[in-house]
Each structure stands twice: as structure tokens, then as C-alpha cells.
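Thanks for coming. I will go through a few local features, with the structure on the screen.

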Amino acid sequence: MKFPFWISAGSVARSPSSVLQWLQAVAPGLAAAAVVATTARLAAQWLPWGLSEVLLAVWLGLVIGSARWLPRSTEPGIRFAQQRILRLGIILLGARLSLVAVAAIGVEALGLVVACMVAVFAFVLLVGRLTNLPPRLVLLIGVGTAVCGNSAIIATAPVVKADEREVSFAVATITLFGTLALFFYPLLGGALHLGDSTFGIWSGVAINDTSQVVAASAAYSPVARDVATVVKLVRNTLMAPLILLIALWWSRTEAAAMAGAAAREGAFKAFPLFVLGFLAMALLRTAGVIDPSGARILDEAAKACILIALAAVGLNTRVGLLRAIGPAPFFLGLGAAALLAVLSLLAITTLSLEPHLP
């Protein structure tokens, strides 16, 4: 199933029935995510303690998804909302920022992102060697923690020829700690009295998956969300060159010839094309094509897309499946996540990294 914008007018004219089948396939799950998101938005307005609608949407989705109250026919639409609708929301967020702001945040965070990636990889590889964990599993957990969550794992797996069990364990580990971070980071940020920009950089550097970064930062504040989104996109774009480096390193350490085609394919898949859409929206805002009133409208649309996508994240998370991780991968993932959280926060506060949006 592809995103509607990717369907050409010619393909629609040649095969309108396929488009109708696509709509019928994604409609139930997309509707379920929209209902959960709407419920969360309405309920958040009445809760006296001001629980964020984002966290409430994920919680509701987790409860419904883990209880398996929805039929299997909703699965395609839920996946579509989690992946494509989230990317659309991120693209629309670009209208809030000028290219100057994007460049300022990205340049300030780049060094920190690279340093944290190196530290986490070194930690994971060292601990993996000491505990005799399968090297492919160790590498996948390192990639998922340091870069961009499950999408990095899926892109790296064919490059190192990981089997399904290793991929499943790595995905479960990253999902577990990313989900925990989604709820605990806003609480820790509030307890530590972190500024909005500081929390945005921290969550953008330290939380695994893009959806989890957006959820945690949006629960903190709109400014934190904007900063975290830019920082996370910087991490995502580093995935493509990292895939090529992993392919080179793996071929040498394993004394095997790495297929260049597999590495190139993995790097291409790892590059987040929606980053270009985000930058295009920022360019339109910088050029004045999108005025402040238009930016506000697009921001509301972005919020709606993100809320629906994060409701889908909850619906698609099966808490029971996380029990199959096993103790060794669990503690490796825990150590990597803790190291990344502490190291990045210490660096941010020590270096006083807090970009001010123009």
C-alpha cells in the first residue's frame, strides 16, 4: 500500500479499482486511529491534571491494541497511519520553522548526535563481546538505539544478513525502551526543570524511534516538539552513510565479501525522503509563500496527523510480545538506553545547548 500522493493520475485512470481496494483496506484501521485520537483530544480537555492528549492517545491505543479488541482488518490502516500519516505530519511541521531556524538547530546538534552515536556503538559492541551475544543482534540493538529505532534495524538487517529471530529481538528491545522513554522523559524533564529547547534536543538525541521522539516532545511543549523533530531528522539522515560504514566493517570483521548492492539498497531505504518535504515546507515559510496565518493552519493539520499517527503507534504495540526479549538483550538495551540518556543530557547541560528559535 502506498501513500495516496504517490499514486499518479495515469495509474488511477488505468486501474481505479486498485485505488478503491486500497482505500477499503486502510479505511478501518485509519478510522480506528482517528477515533482514538479524537477521544484523547476531547478527554484531555476535561482531565484536571492536564494529561497531554499525545500521551493519552498512546495509552488508549496500548490498552486497545494489547487487549486485541480490534479485528485483523484494521492492521493495514493502523500501519499506514503509524508510518505515512506521521511523515505527513512531520512534513507539515516544516511550515512552522524557517530554514535559518532549521540550520541553527541542526548544526548545533550535529556534533552531539555523532558523539553519542559513537559512544553508544562502542558500549554495545564491548558489552556484546563480553556477554557473547550474537554479533548481529548486538549490532542491530546498537543501530536501533543510536540512530533511528526500528527503521534503522530493518534497513541494517539485510546488510549483515540477520535472521528473523535476531531482527524480532532487536525490534522488541528497541520498542520496549522507546515506549518507556515516551512516558518517562516528559516526567524527568519536568522534574529537572529543563527548558523547552533543552528538552527538545535531549529527546531528539536520546529517544529511539521518530514517532516516540515526536510523542514525548509534543507532550512537553510545541517548542520542544519543533526542536526535537529537527534533531531527530539529523539523526535519521546519518543512517544512510552509517549503513555503508557498517557494510564495510562487517565485511572485514566477518572475512566475507559484502554485496555492494545490498549495502546501497539498505542505505537508500534508510534515507528518510520526508526530510526533503520538511525542508521544502521550511523553504516556503522562509520565502514568505506560507504566511503566519497559513503556518498556523498547517500546524493544526500537523498536530492532527501526529495525534492520529501516535494513536496508531499505541494500537500497533503488543505489550505481551515484549516478554520474549530475554534477559541478555533486555539488559544490553537497558544499558544502551541509559547511557544515551545520561550522556546526552550531561553534554547538553554542560555545553548549554539551547537553540533559540527565530
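Which side chain does E53 meet in a salt bridge? The partner is R41, and the N to O distance is 3.0 Å. By salt bridge I mean a side-chain nitrogen of Lys or Arg within 4 Å of a carboxyl oxygen of Asp or Glu.

Before going on, the ground rules. This is a predicted model, in which local features need pLDDT of at least 70 and side-chain atom pairs count only at pLDDT 80 or more, while totals for chains, interfaces and linings use all residues. Residues are numbered from 1 along each chain as its sequence is written, and side-chain values use heavy atoms, with hydrogens and water left out.

Back to salt bridges: the structure holds eight of them. In the pair I began with, E53 sits in helix α3, residues 53–67, and R41 in helix α2, residues 16–44, so the bridge ties together parts twelve residues apart in sequence. Helices here are DSSP runs of H or I with at least four residues, strands are runs of E with at least two, and both are numbered from the N terminus. E53 has a relative accessible area of 23%, so it is partly exposed. R41 is partly exposed too, at 26%. For these words, buried is under 20% relative accessible area, exposed is over 50%, and partly exposed is in between, with a 1.4 Å probe and protein chains only.

Next, R96 and D226. They form a salt bridge whose closest N and O atoms are 2.6 Å apart. R96 is in the loop between α4 (75–93) and α5, whereas D226 is in helix α10, residues 222–237, so this pair ties together parts that are 130 residues apart in sequence. Is D226 buried or exposed? D226 is buried, because its relative accessible area is 2%. R96, at 29%, counts as partly exposed.

K303 is partly exposed at 26%, and D299 is buried at 6%. Through shared partners, salt bridges join R96, R225, D226, D299, E300 and K303 into one network.

Now a helix pair. The axes of α8 (residues 196–206) and α9 (residues 210–220) come within 9 Å and cross at roughly 165 degrees. Axes are lines fitted to C-alpha atoms, for helices over the stretch in contact, and the angles run from 0 to 180 degrees between N-to-C directions. The two helices are therefore roughly antiparallel to each other; the cut-offs are under 35 degrees for roughly parallel, over 145 for roughly antiparallel, 65 to 115 for roughly perpendicular, and oblique for the rest. On the α8 side, D196, F199, S203 and G204 meet V213, A216, S217 and Y220 of α9, contact being heavy atoms within 4.5 Å.

Last, two backbone angles. N132, in the loop between α5 (99–131) and α6 (135–160), has a phi near 60 degrees, a positive value in a residue other than glycine. K161, in the loop between α6 and α7 (164–191), also has a positive phi of about 60 degrees and is not a glycine. N132 is exposed at 69% relative accessible area, and K161 is exposed at 63%.
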